[in-house]
Protein chains: 2
Amino acid sequence: MTTERRTAILEAAARVIARHGVRGLRVADVAAEAGVSTALVYYHFKDRSGILRHALAFIGDRADRYTAVEDDAAGGPPADPRQLLERTMLLEFQDLPEVRENSTAWGELRAHTVFDPELREELAAAGAAWAAEVAGLLGGLRPGAPAADLTAAAERLTALLEGLSMRWLSGLLPLWHARELVREAIGVEIGRLDRAAGSPAESPARPAPALPFLN
Amino acid sequence: MTTERRTAILEAAARVIARHGVRGLRVADVAAEAGVSTALVYYHFKDRSGILRHALAFIGDRADRYTAVEDDAAGGPPADPRQLLERTMLLEFQDLPEVRENSTAWGELRAHTVFDPELREELAAAGAAWAAEVAGLLGGLRPGAPAADLTAAAERLTALLEGLSMRWLSGLLPLWHARELVREAIGVEIGRLDRAAGSPAESPARPAPALPFLN
DNA sequence: GTCTATACAAGGATAGAC
DNA sequence: GTCTATCCTTGTATAGAC
C-alpha cells in the first residue's frame, strides 16, 4: 500500500523535526530516517516545503489523539470539570516520545512563523480552537462568568503554556515544575473569575494610546 | 577606530537575525547589511558561530538599556510600584525597531536552545535574573507575601510574557492586546497573593508522581 | 584592515533505469 | 514506486593582493 510509505515518511519527518527543528530539516535525513531514498521523498511530496506542510498537518492531527495519560490515569472515573481542564492543559507536559515530538514540532512551528508568515493562518486557526476549548472548560467550571473574561483567561493560560513548554523542552525547567505552574495558574485564573463575578470589568474603555508604537 | 567596524557588523547581525532568525543568518547577508565584504566579517569574528555568539551578547547588553518609553512616558513622575512592574514587563511590547530586534533575537535564542543546548547556561542565567527582578517588584508591592509565592508568580508572569511575545512577533496577536493581557495577568497574580495571604499554601507536599514520564 | 577571487562542502532537486 | 547517480545552487571559509 502506497499510503503506508507516505505515512512512514511523515513519521520520519516528525522525528527529524523534533530533533533538529523545522529549519534543521534535511530531506536526506528524512529519507534516511524512513529508510528510503531521497528521490522517493520528492516523488511523494514534490519538494521540501511540501514535506513540511504535510508533516505539520500530520503532527497537528496526531495531537488531537493524545492518550490522556495522567496522574490519576489508571482508568479513573470521568473527572470533575476542574480535573478535566487540568488534564487537558497538562497533555503537552509528558515526557513521552510522541508527546515530545508533537510539542517540539509545534513550538518550532510557532517560532518559525515569526519569520515566515506562510503558515500563519493555520497556526491562528489552531490557536483559536485551542483557546476556545479552554474557555469552554472554564465556562463549565464557572457558568456565571462573562464570556470576555473566559476568553481572556484562556488566552493567558494558553500563552503561558506555550512559554512553559518552550522552557521545558529547552531543559530550562523540570517537567514537574512546569506542571505545577500550570496547575497553579489555573487556580489563579479561576480565583480571578470568582472575584470578578461581583465587580465590573477591570479594564473598561481602554483609551487609545497616544504613541503609535504601542498600538 | 577598529571597534566601530566590529560594532557596525554586530548591529548588522542583529538586524539580520531579527529578519531571518538565528538559523536564517547568512554571513553574506550580515556583510551586505554592514556594507563590508564577507572576508572582513570572518576576519573580525573567526567563523559563523563566532558572529552568532558576539551578536547575541551584544543584543543581551542592549536589552538592559531600553528606554522606558511607556504610556505615561512624557517625563511622568517616578511611578508607584504597580506601575513600575507594569512598565518593566511591558518594555518588550513596543513596536520600535530596536525593541523588535531584541525581542525577536531573544525569542530565536530561546527557540534555538531547544535543539542546541550550547547557549543554555547563558539563557538560564538571564531568565533567572529576569524572574528575580519581577519577583522583587512583586515583593515591593506585597511585602507580606511568602517568597515562594512571589517566585512562582514571577515564573508564571515571565513565561506568559515569552508566550505572548512570540504571538505578537508572529502577527498572531495585536500589540495592544498583548499589552492588555500582560496588565491583566499582573492584576490576577497580585489578587492571588492577597488571597493567599491568609490561607496556607495551595499545593502542599506534592506527592511524587507514580509515572516516570511525569517527572 | 579591507578587498576580490575562489575553493570547497552541503543540500535541494531531477534524470533515467528498473 | 523506488532506486542510483548526478546536477546545480547556495553558503561557509580561505588565499593572497593592496
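Trainee: What should I know before reading the numbers?

Mentor: This is a predicted model, where local features need pLDDT of at least 70, side-chain atom pairs count only at pLDDT 80 or more, and totals for chains, interfaces and linings use all residues. Residues are numbered from 1 along each chain as its sequence is written, chains are lettered from A and ligands numbered from 1 in the order written, and side-chain values use heavy atoms, with hydrogens and water left out.

Trainee: Which residues come nearest to DNA strand C?

Mentor: First, the rule: a residue is near a strand if one of its heavy atoms lies within 4 Å of it. Around DNA strand C there are 15 residues, and R26(A), Y42(A), R48(A), T2(B) and S37(B) come nearest.

Trainee: Which part of DNA strand C faces the protein, by share of atoms?

Mentor: Take the atoms of DNA strand C within 4 Å of the protein. Sugar or phosphate holds 68% of them, and bases hold the rest.

Trainee: Which residues have an N or O atom by a phosphate oxygen of DNA strand C?

Mentor: A polar contact is a pair of N or O atoms within 3.5 Å; within protein, one must be able to donate a hydrogen and the other to accept it, and residues adjacent in sequence count only if both atoms are side-chain atoms. R48(A) uses a backbone N or O atom, 2.9 Å from a phosphate oxygen. S37(B) uses its side chain, also at 2.9 Å. The side chain of H44(B) has an N or O atom at 3.2 Å.

Trainee: Which helices supply the surface near DNA strand C?

Mentor: Helices (H or I, at least four residues) are DSSP runs, numbered from the N terminus. α3 (38–45) of chain A, α1 (2–20) of chain B and α3 (38–45) of chain B each give at least two residues. The largest share, 4 residues, is from α3(B).

Trainee: How do the residues near DNA strand C divide by class?

Mentor: Ala, Val, Leu, Ile, Met, Phe, Trp, Tyr, Cys and Pro count as nonpolar; Asp, Glu, Lys and Arg as charged; the others, Gly among them, as polar. Here there are 8 nonpolar, 3 polar and 4 charged.

Trainee: Now DNA strand D. What surrounds it?

Mentor: 15 residues, the closest being T2(A), S37(A), V27(B), Y42(B) and R48(B). Sugar and phosphate make up 70% of the DNA strand D atoms that come within 4 Å of the protein.

Trainee: Which helix gives the largest share of that surface?

Mentor: α3(A), with 4 residues. A backbone N or O atom of R48(B) sits 2.9 Å from a phosphate oxygen of DNA strand D.
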